[in-house]
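Here are my notes after a first pass through this one. Have the structure open beside you as you read.

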Amino acid sequence: MTSLVRLTHSLCRLMVWVGGLIVLAAAFLIGFEVVIRRFAGTTIGGIDEVSGYALAVSSSWTFAFALLHKAHVRIDTFYLLLPVRVRPYLDIAALGILGAFAALVTWHGADVFALSFGFSARAMTPLATPLWIPQGLWIFGWCVFLFVIALLLVQTVAAVLRGRTDEALKTAGLMTIEEELDEELGDIRRRGLAGESNP
Amino acid sequence: MIATAIVLLLALLAFGLPVAAVLAALGVALSDIYSPLPLTRAIGEIAWTSSNGFLLFSIPLFVMLGEILLRSGMADRMYGAMVQWLSWLPGGLMHSNIGACAFFAATCGSSAATAATIGTVALPQAGKHHYNERLFLGSLASGGTLGILIPPSINMIVYGILTDTSIPKLYLAGILPGVVLAGLFMLTIYVVCRLRPQWGGTPVVTSWPGRWRSLGDLAPPLVIFGVIIGSIYSGMATATESAALGVIGALSLAGLQRKLTVPVMLAVFEGTMRTTAMIMLILVAAFFLNFVMAGIGLTALLNRYITELNLPPYALLLAVVIFYAILGCFMETLSMMVTTIPVVTPVMVAAGFDPVWFGIVVIILIELALITPPVGLNLYVIQGIRPSGAVYDVIVGALPFVVATFAMIAVLALVPALALFLPAISY
């Protein structure tokens with residue numbers, strides 16, 4: 001189980017790096033397009049379409065990573081008023097409803113992909129992209145997301161059954177302010193603190 | 001129907017369930033209860049079409065731009081320049097905080113990133129010069145909110161996409177209110193420090209030669225602002241393309257400062273994509289919910305209901321401001337935008353308000369939400385930079401600026417031209 005979890009974390013991190021690289025590459029492509037359009041009066045063409053695919057794929061590939069880092073927004077106003085022992089049950093419900101949502105999108109999204117694949121559908125653009133390629137990569141991200149939700153659900157339920165509230169909260173609990181700031185500010189925060197301690 | 005929707009939404013959100021999943025679940029429930037057609041089946045198609053738009057691609061680009069600037073070292077020297085130019089006023093460095101935030105906001109589309117960047121540079125100065133710590137913290141949390149009002153702005157893009165409003169027009173409309181709000185923040189500091197001179201800290205030594213020398217440090221943010229805004233208004237680039245140019249500009253800047261290493265880039269990727277995924281998941285669900293709401297006629301019903309109340313426009317505006325001010329205390333801002341804007345904006349436009357002007361009002365209300373407890377992201381961002389102390393200090397320190405933000409909305413209601421003048425002369 002532990003090695004499966006570690007493997008999943010590594011896979012998700014790798015997918016995020018690929019996603020970031022895709023976004024950066026698209027940024028350069030767009031920049032290049034703007035420059036040659038302005039100064040050479042010509043265009044590469046289809047950059048907007050490709051960037052759209054880049055967004056769809058890079059974001060779906062990151063959903064799972066964002067979940068592992070507790071980045072998907074949950075509202076904590078009432079959650080924090082509840083006793084700590086009760087919170088894991090809400091976390092399980094949260095993963096459950098997120099799983100249902102992801103399953104619904106993955107199920108119907110797979111239909112979209114299957115239809116494009118079956119009919120060899122192409123985008124109605126000059127590029128005439130075979131749609132199953134970006135859609136396939138996109139739906140793969142949703143599948144990984146669904147898998148990670150299931151994994152966290154199993155972990156959290158197991159922790160609750162063993163009476164380990166702390167473990168359950170660490171896996172699926174709402175981000176504490178401390179964790180949130182580490183995610184939000186990361187190295188800049190550490191830098192600020194370091195600067196304060198040795199003036 | 002309206003009551004069912006609202007009760008369901010609030011109940012599910014209150015239990016700390018993920019916002020995206022709640023929006024989708026609400027969509028499924030409304031479709032099951034009220035629609036003769038299985039609208040839910042469209043969720044696959046909606047998820048695909050809504051997540052591959054070119055306009056939306058500007059979101060990861062602006063997030064990435066902010067992530068790079070955060071690490072570029074640009075803010076340190078820019079803050080130094082602001083100290084030279086603004087710290088002679090009563091309230092000293094707190095004016096530099098606001099000025100630096102306004103400048104940084106002109107390159108960055110996020111309020112949290114603005115507060116974090118300037119806060120990190122400025123905070124060590126508070127103790128050194130004996131400022132009233134609370135007010136100093138408040139000036140940073142509030143100054144940071146300018147990040148989304150002065151273009152570029154991720155929240156304006158979200159508003160533009162949800163309401164089909166021109167993003168270049170929204171950008172132009174944000175400039176003057178951004179400057180005025182920065183001015184109101186500085187006025188607040190001035191008035192408070194006139195009443196309580198001991199809060200204003202000890203003066204920092206500045207000189208005219210130092211001032212002239214520091215002007216060069218203001219160039220990098222101005223260049224990035226120029227690239228983003230200039231490329232749009234010269235007709236060279238669209239909103240998304242200008243964001244790509246901004247990313248390239250920021251990378252060059254960070255490269256010149258020798259801050260670009262592989263670990264930095266990987267951290268940039270992770271930060272960018274985490275925020276993007278969070279936004280996109282909510283947007284996908286919100287698009288589905290909006291599709292269902294339009295499909296079962298809920299949007300039209302709500303619209304008619306409010307129109308039949310026959311409120312005078314300014315009473316309606318007041319109601320909307322109060323609504324957002326209260327909601328903003330408890331809700332995270334993106335969730336608040338996607339759940340309310342598709343419903344509220346058509347009502348306001350039907351009442352005769354300009355969608356661009358109302359967009360700016362919404363952005364200022366979002367800024368308010370960022371500094372009002374218990375849920376106000378910027379308060380926690382600034383608290384996170386402090387080595388010690390209670391978040392209560394930041395909350396109290398931000399209160400005078402909450403008043404200034406309300407004043408800004410009043411100004412905008414009395415002088416709509418403040419927002420609409422620049423778009424009008426450019427189009």
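Predicted model: local features only at pLDDT ≥ 70, side-chain atom pairs only at ≥ 80, totals over all residues.

1. Let's start where the chains meet. On the chain A side 69 residues are in contact with 70 residues of chain B. The two chains bury about 6,200 Å² between them, and carbon and sulfur atoms account for 78% of that. Look at L55(A), V73(A) and I75(A): these supply 12% of the area that chain A buries against chain B, more than any other three residues.

2. What about polar links across the interface? Between chain A and chain B there are 7 residue pairs in polar contact, counting pairs with both residues at pLDDT 80 or more. Several helices of chain A each supply at least two residues to the side that touches chain B, among them α1 (2–39), α4 (87–118) and α5 (132–161). With 16 residues, α1(A) gives the most to that side. By residue type, the side of chain A that touches chain B splits into 41 nonpolar, 15 polar and 13 charged.

3. Salt bridges across the interface number 2. One of the two chains' links to look up is R13(A) with E270(B), where the closest N and O atoms are 3.1 Å apart.

4. Now chain B as a whole. Its secondary structure comes to 21 helices and 0 strands. The radius of gyration is 22 Å, which agrees with the value near 22 Å for a compact globule of 427 residues. Along its principal axes, the C-alpha trace spans about 75 × 50 × 45 Å. Buried residues make up 63% of chain B. Of the contacts with a separation of 6 or more, 79% are between residues 24 or more positions apart.

5. Is V247(B) buried or exposed? The residue sits in helix α13 (residues 239–256) of chain B, and at 0% relative accessible area V247(B) counts as buried, because the cut-off is under 20%. Beyond its neighbours within four places in sequence, V247(B) is in contact with residues from both chains: L24(A) and A27(A), plus L61(B), M64(B), L65(B) and I68(B).

6. Over all chains the structure holds 12 salt bridges. In chain A, have a look at R74(A) and D91(A), whose side chains meet at 2.9 Å, N to O. R74(A) is in the loop between α3 and α4 and D91(A) is in helix α4, 17 residues apart. Both ends are buried, R74(A) at 13% relative accessible area and D91(A) at 0%.

7. E133(B) is partly exposed at 39%, whereas R386(B) is buried at 6%. The other pair is D393(B) and R134(B), at 2.9 Å.

8. Last one, back in chain A: R162(A), R164(A), D166(A) and E167(A) are joined into one network by salt bridges that share partners.

Terms used:
Residues numbered from 1 in each chain as written. Chains lettered and ligands numbered in written order. Heavy atoms only, no water. Contact = heavy atoms within 4.5 Å. Buried area = accessible area lost by both parts, 1.4 Å probe. Salt bridge = Lys/Arg side-chain N within 4 Å of Asp/Glu carboxyl O. Polar contact = N/O pair within 3.5 Å; in protein donor to acceptor, adjacent residues only side chain to side chain. Helix = DSSP H or I, 4+ residues; strand = E, 2+ residues; numbered from the N terminus. Nonpolar A, V, L, I, M, F, W, Y, C, P; charged D, E, K, R; others polar. Rg over C-alpha atoms; globule rule 2.2 N^0.38 Å. Buried < 20%, exposed > 50% of the residue type's maximum accessible area, 1.4 Å probe, protein only.
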